[in-house]
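Please review the structure shown here. The briefing that follows sets out its strands, cores and surface for a computational reading.

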Amino acid sequence: MITDLQRGDFFQKGHRYRRKQIHKLYKGQEQSEISTPKAHPYIFIFTKESGSEYGTGHGWNKDKTAFFYTGEGQRGSMQLIKGNKALREHFLSGKAVYLFHYVEPGVVEFVDEVTYINHQLEIMWDSDGELREAIIFELERNSVIEEKAAQLDVSAYSTEQLRHMALGKEKKDKYL
C-alpha cells in the first residue's frame, strides 16, 4: 500500500511513497540518487537493487547498523561536490538524511534516517566500463548513533574534546 504524503507528515519506516509526491512537496532533484531540496532541512537518498551497471552499489553491513552508499556520478572519478558534498556535510548544514529504497518504478520505501560517519575512495568501474575512484559513504542509522552515545561516558572529556568529537575532528574509534 502506498502512503499518501502530506506536507508536515513524518516518514514512517516501512511505508511506501511515490517519489514524485515527495518532490512535489519538497522539491529537489527528481532524477538524482541524492536529492537536496533547497528550502527544506532534508537530504533524500534513493537506492535500488541494480546500480552496478552504472558503477554504483549500495548495501548494509552484517548487523544492518551501517549502510554503505556509493556517491553520485556514473562516469569518471567521483568528486565531493553537489549531492556528495551535501551528504558529507549534512550535519554541519543541519539537514536530516532520509534513506529510501525503490520497491517498484516510481515507488520508494522509507528505510530510516541515517547520519554520515565516514567515506572512503574505492576503485570501481563506471558506466562506460572505465576504472575510476568512487566515493563510498558509511552511514549509520540514527538509533545506532543514539545507542552508542548513551554508552559513552562524557564526564572524562573536556568541552573542547567533546566539541571535536561531535564535529568529527577526532577519530571516532578513540572514544567509542
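**Strand pairing around β3**

F44 stands opposite Y98 in β6, where strands (E, at least two residues) and helices (H or I, at least four) are DSSP runs numbered from the N terminus. The model is a predicted one, in which local features need pLDDT of at least 70 and side-chain atom pairs count only at pLDDT 80 or more, whereas totals for chains, interfaces and linings use all residues. Residues are numbered from 1 along each chain as its sequence is written, and side-chain values use heavy atoms, with hydrogens and water left out.

- β3 and β6 are paired in the parallel sense over six bridges; two strands pair if DSSP finds at least two bridges between them.
- β3 also pairs with strand β2 (residues 34-35), here in the antiparallel sense and over two bridges.
- In that pairing, I34 has I45 of β3 opposite to it.
- Six residues lie between β2 and β3 in the hairpin that the two strands form.
- Five of the six residues of β3 are buried, so β3 is largely enclosed by the rest of the structure. Buried means under 20% relative accessible area, exposed over 50%, and partly exposed in between (1.4 Å probe, protein chains only).

**Strand β8 and its partners**

- Nine of the 11 residues of β8 are buried, and the strand is mostly covered.
- β5 and β8 run antiparallel and are joined by five bridges.
- A66 has E140 in β8 as its bridge partner.
- The pairing of β7 with β8 is antiparallel and extends over 11 bridges.
- β7 and β8 form a hairpin with five residues between them, and G129 in the turn has a positive phi of about 80 degrees.

**Nonpolar cores**

- The largest nonpolar core has 18 residues, of which I45, Y69, L87, F137 and L139 touch the most other members. A nonpolar core is a set of buried Ala, Val, Leu, Ile, Met, Phe, Trp, Tyr and Cys residues joined through side-chain atoms within 4.5 Å.
- At least two residues of this core come from each of β3 (42-47), β5 (66-70), β6 (96-104), β7 (107-125) and β8 (131-141).
- β8 supplies the largest share of this core, with five residues.
- A second, separate core has 13 residues, including L5, F11, Y26 and F46.

- L5 lies in the segment before β1 (16-18).
- L5 counts as buried because its relative accessibility is 2%.
- Its contacts, leaving aside neighbours within four places in sequence, are F11, Y17, Q21, I22, L25 and Y26; contact means heavy atoms within 4.5 Å.
- The C-alpha atoms of L5 and I22 are 7.3 Å apart in space, although the two residues are 17 residues apart in sequence.

**Helix α1**

- Helix α1 (residues 19-26) has six buried residues out of eight, so the helix is largely enclosed by the rest of the structure.
- The buried residues of α1 are R19, Q21, I22, H23, L25 and Y26.
- These buried residues pack against β1, β2, β3, β6 and β7.

**Positive phi values**

- Most residues other than glycine have a negative phi.
- K27, which follows α1, has a positive phi near 70 degrees.
- K27 belongs to the loop between α1 and β2.
- K27 is exposed, with a relative accessible area of 54%.
- K64 is not a glycine, yet its phi is positive, at about 60 degrees.
- K64 occurs in the loop between β4 (58-60) and β5.
- K64 counts as partly exposed, because its relative accessibility is 48%.

**Nonpolar surface patch**

- I123, W125 and L131 form a nonpolar patch on the surface, with about 370 Å² of accessible area together.
- Patches are made of residues with over 30% relative accessible area and no salt bridge, with like charges joined within 9 Å and nonpolar side chains (Val, Leu, Ile, Met, Phe, Trp, Tyr) within 5 Å. A salt bridge is a side-chain nitrogen of Lys or Arg within 4 Å of a carboxyl oxygen of Asp or Glu.
- Accessible areas come from the Shrake-Rupley method with a 1.4 Å probe, and for residues only the protein chains shown count as cover.
- W125 is located in strand β7 and is exposed, with a relative accessible area of 53%.
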